[in-house]
Amino acid sequence: MHFVETMSLYSGLKSSRPFIQESFFPVVPEKYITICTEDHQSKQWDGFYEYIELIKPILNKNGISIIEIGANTVNFKGVVVLKKVTNPNHWSFIVKNSLLHIGPESFINSLAAYHNVPCITLFSNTSPEYASPEWIKSSAEQVLLLPNVKNYKPSFSAQEPEKSINKIYAEEVISKSLDILNIENAFNKYNIFYVGNFYFNKT
């Protein structure tokens, strides 16, 4: 059961489309996509570093920037960082005008669905049945990606010894991103057959 349905059941209130108050925030890039991570360790996708490194040259050729929003302490290079200077009301405005949003299951992904903005949601400690942004019934494309783990079951834990979200591979997210943006790419031809536990450790 989706968490919105659970809250509705326990409160005795009928769920409906929310009203979101947004605040203007001056964004310099004319065309951009948004990304975010969460404070919970289990929702911090280490693949974002590789995602940005591989997709940025392609986006640059098409005049598209990457804007990072949210409230975490993770630092990425090569993106426009609007974390410490914005709040949730600003995020609503920024996401509303983006071409695409990518991030773990979170409030911001639901914002994208609310504004009918295409969204790629990365699941880790929760499941689409429980927390997908589709409850808002968005008209835009919503891609839900689960970790590449056989018989995957969500932990519902903020901390995971081995982060399940890292079993979602950057090449797959890039392929889905560029497909949504209608940019020709060959990333859908890559087959990832193994990623070691120390893949994201820099030495």
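Ser-132 is buried, at a relative accessible area of 6%, where buried means under 20% relative accessible area, exposed means over 50%, and partly exposed lies in between (1.4 Å probe, protein chains only). The model is predicted, so that local features need pLDDT of at least 70 and side-chain atom pairs count only at pLDDT 80 or more, while totals for chains, interfaces and linings use all residues. Residues are numbered from 1 along each chain as its sequence is written, and side-chain values use heavy atoms, with hydrogens and water left out. Helices (H or I, at least four residues) and strands (E, at least two) are DSSP runs numbered from the N terminus.

**The sheet**

- The strands form an open sheet of six, in the order E3-E2-E1-E4-E5-E6 and with parallel pairing, where two strands count as paired if DSSP finds at least two bridges between them.
- At the edges stand strand E3 (80–81) and E6, each of which pairs on one side only.
- Strand E1 (residues 32–35) pairs with strand E4 (residues 101–104) in the parallel sense over two bridges, and Ile-35 has Ile-102 in E4 as its bridge partner.
- Four bridges, again in the parallel sense, join E4 to strand E5 (residues 119–122), with His-101 standing opposite Cys-119 in E5.
- From E4 the chain passes through helix H4 (residues 107–114) to E5 in a right-handed β-α-β crossover, a term that applies if, with the strands pointing away from the viewer, the path from the first strand over the helix to the second runs clockwise.
- E5 and E6 run parallel and are joined by four bridges, and here Cys-119 stands opposite Gln-142 in E6.

**Buried positions and their contacts**

- Ser-132 is placed in the loop between helix H5 (128–131) and strand E6 (142–145); leaving aside residues up to four places away in sequence, Ser-132 touches His-2, Phe-123, Ser-127 and Leu-144, a contact being heavy atoms within 4.5 Å.
- Leu-100, in the loop between helix H3 (88–96) and E4, counts as buried because its relative accessibility is 0%.
- Not counting residues up to four places away in sequence, the contacts of Leu-100 include Tyr-32, Ile-33 and Thr-34, as well as Val-117, Pro-118, Cys-119 and Ile-120, and also Ser-177, Ile-180 and Leu-181.
- Between Leu-100 and Gln-142, which are 42 residues apart in sequence, the C-alpha to C-alpha distance is 9.9 Å.
- Leu-59 lies in helix H2 and is likewise classed as buried because its relative accessibility is 0%.
- With residues up to four places away in sequence again left out, Leu-59 touches Ile-33, Ile-64, Ile-66, Leu-178, Leu-181 and Ile-183.
- Leu-59 and Trp-135 are 76 residues apart along the chain, and their C-alpha atoms are separated by 30 Å.

**Helix H6**

- Helix H6 (residues 170–180) is mostly covered, in that eight of its eleven residues are buried.
- Those buried residues are Ala-170, Glu-171, Val-173, Ile-174, Ser-175, Ser-177, Leu-178 and Ile-180, and what covers them includes helix H2 (48–61), E4, E5 and E6.
- Just after H6, Asn-182 takes a positive phi of about 60°.

**Positive phi in loops**

- Asn-116, in the loop between H4 and E5, has a phi near 55°, which is a positive value in a residue other than glycine; Asn-116 counts as partly exposed because its relative accessibility is 36%.
- Phe-156, in the loop between E6 and H6, also has a positive phi near 55° and is a residue other than glycine; with a relative accessible area of 48%, Phe-156 is partly exposed.

**A nonpolar surface patch**

- Met-1, Leu-9 and Tyr-10 form a nonpolar patch on the surface, with about 450 Å² of accessible area together, the areas coming from the Shrake-Rupley method with a 1.4 Å probe and, for residues, only the protein chains shown counting as cover.
- Patches are made of residues with over 30% relative accessible area and no salt bridge, joining like charges within 9 Å and nonpolar side chains (Val, Leu, Ile, Met, Phe, Trp, Tyr) within 5 Å; a salt bridge is a side-chain nitrogen of Lys or Arg within 4 Å of a carboxyl oxygen of Asp or Glu.
- Tyr-10 lies in helix H1 (residues 3–11) and counts as exposed because its relative accessibility is 72%.
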